[in-house]
Amino acid sequence: MLSTTDLHPKCTSRREAMKNAWINNSVISYLSMIWISAFLAVITTNPTKAETYLNATAHTRINRELFSLVTKTASKINSRSCHAAFNLTVLKIYVYNISVNDLILKRNWGWVSNPWNQHNQYIPEYVIHQNILNSEYLTTNASEATHFFIPIGIYETVLLKKLQFEVLRTLSSSPWFIHSRGCNHLFVWSSQRPLNRLLGQTLSRLLRDNSKVRFLAVEDVDNRLDTLRFQHGRDIKIPPFVPVQSHVNLEKVGKAKQARQNLLYFSGTLKNHPLRMFLKRILANQPGCIINDAGIVMKQDNDTTSPHSMEVARIMQTTLRDMSQSDFCLCPRGLTPGTRRIFEAIATGCIPVILSDDFVWPFPHLRASIASATVRIPEQSASNVLKDIRSFSTMQKHELRRFLSTVHSAFMYHIPRPHPGDAFEQLLITLISGTNPSR
């Protein structure tokens, strides 16, 4: 608050000075409330615009406390408004019976069910399928369904032709698919594989070119050849899967104020993108920075006790342990703008430092909230990353972790049954809202 002498040094009486000070402070408070109310209105109606503004100004020293107050309030408003506005109980999801898919899952169960398998970022198909089957939204009566789920788990090539044929036959003979042209049909796409080739030309055309099937995609930007394209406004972006074993007690992390052992941590494949190689050169020998190159060739291994599986499990457990002991987790783009490392950082309470200009958060109604709990640095400013993160005080890092602990569950999945407020429920909120502004 402003003092009376600061505002009115020439006032002839203390009563007059106090009166004038009260008027000025009231005006300032009133204008601040108008500003906060207006900003909250922007957040709740246009999260993408609010996220852009937050990224530009939220980490300036003058605005940090005010933005902290605004974003905390906005998070609560968004959570309440989404649940109030969308009645999820009206959802009824019918799951097509694709018998070959069940056989493929059984043949690959060893690595699909292995929590330390490095390929589990590719199993949101299985996770969402299980969530639907174990939720109140499942219906076995197709005539009452509001949505239809197409289970396609592409984990191998041995039975690929049979899978393509059965899915094609099922959809082409489905009156609900034909009548709606698939606009109420859902297909999970992990995005980092050439689905055009895996699905086959005929099925690819059916799912994308000749229908309105909505893809639930981990990535919305993938410029590699022979890859199906994400369609903004129609498809829905979802988080990759992070095993529940990765999660730390973020409620306890949010309350803990002690400093962590490391300042900055990264572990991954450095050769995936020139930006990663550049960051390795400038950060490798800096104090408090740990930069590890994943020096193992990953493969799908159904034997969880094989030397390869055991080594991968050790690397992943070490990575998650080091992340949980670091203030910041470096998340540069790789082959695609997104990386599972962002969501592993969220799970371990390590503040993500995102260097990927094209990365967009899943779930439009949560983007402003999660953006205020992370650090975003333009790719062209990568040389300043160490300077930028060193500017955060211990208290500021604690505040970021505390806010991260309040929103992290919305980006995590659970198997087999979904939890209230988790990524599956956020997907349903996005689905029933009828819109998906990805930009």
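**Exercise 1. How are helix 14 and helix 15 oriented to each other: oblique or roughly parallel?**

Solution. 
- The model is predicted.
- Start with the geometry. Helix 14 covers residues 307–324 and helix 15 covers residues 340–348. They pack at an angle of about 60°, and their axes are 9 Å apart.
- Apply the cut-offs. Angles under 35 degrees count as roughly parallel, and 65 to 115 as roughly perpendicular. Helix 14 and helix 15 are therefore oblique to each other.
- The crossing of helix 14 and helix 15 is right-handed.
- Now list the contacts. Helix 14 brings Met316, Thr319, Leu320, Met323 and Ser324. Helix 15 meets them with Arg340, Arg341, Glu344, Ala345 and Thr348.

**Exercise 2. Classify the ring pair of tyrosine 94 and phenylalanine 148.**

Solution. 
- The whole structure holds 16 aromatic pairs.
- Take the two values for this pair. The ring centres are 5.8 Å apart and the planes stand at 65°.
- Compare with the cut-off. Planes over 60 degrees apart count as edge-to-face. The pair of tyrosine 94 and phenylalanine 148 is therefore edge-to-face.
- Locate both rings. Tyrosine 94 is in strand 1, and phenylalanine 148 is in strand 2 (residues 147–149). The pair thus ties together parts that are 54 residues apart in sequence.
- Phenylalanine 148 has 1% relative accessibility, so it counts as buried.

**Exercise 3. Contrast phenylalanine 363 with arginine 181.**

Solution. 
- Begin with the backbone. Phi of phenylalanine 363 is near 60°, a positive value in a residue other than glycine. Phi of arginine 181 is near 55°, also positive in a residue other than glycine.
- Place each one. Phenylalanine 363 is in the loop between strand 9 (351–355) and helix 16 (367–371). Arginine 181 is in the loop between helix 9 (175–180) and strand 3 (185–189).
- Phenylalanine 363 is buried, with a relative accessible area of 1%. Arginine 181 is partly exposed, at 41%.
- Look at ring partners. Phe363 belongs to a cluster linked by ring pairs, together with Phe343, Phe359, Trp361 and Phe411.

**Exercise 4. What does asparagine 131 touch, not counting residues up to four places away in sequence?**

Solution. 
- Locate asparagine 131. It is in helix 7 (residues 124–133).
- List the contacts. Asparagine 131 touches Tyr413, His414, Pro416, Arg417, Pro418 and Phe424.
- Follow one contact. Proline 416 is in the loop between helix 18 (394–407) and helix 19 (423–433). The peptide bond from isoleucine 415 to proline 416 is cis, with omega near 0°.

**Exercise 5. Is proline 274 buried or exposed?**

Solution. 
- Proline 274 lies in helix 13 (residues 274–283).
- Use the cut-off. Exposed means over 50% relative accessible area. Proline 274 has 61%, so it is exposed.
- Proline 274 and arginine 333 are 59 residues apart in sequence. Their C-alpha atoms are 9.5 Å apart in space.

Note on methods
Residues numbered from 1 in each chain as written. Predicted model: local features only at pLDDT ≥ 70, side-chain atom pairs only at ≥ 80, totals over all residues. Heavy atoms only, no water. Helix = DSSP H or I, 4+ residues; strand = E, 2+ residues; numbered from the N terminus. Buried < 20%, exposed > 50% of the residue type's maximum accessible area, 1.4 Å probe, protein only. Phe/Tyr/Trp six-rings, centres within 6.5 Å; stacked < 30°, edge-to-face > 60°. Contact = heavy atoms within 4.5 Å. Axes fitted to C-alpha atoms, helices over the stretch in contact; angles between N-to-C directions. Parallel < 35°, antiparallel > 145°, perpendicular 65-115°, else oblique. Left-handed = near helix turned anticlockwise from the far one by under 90°.
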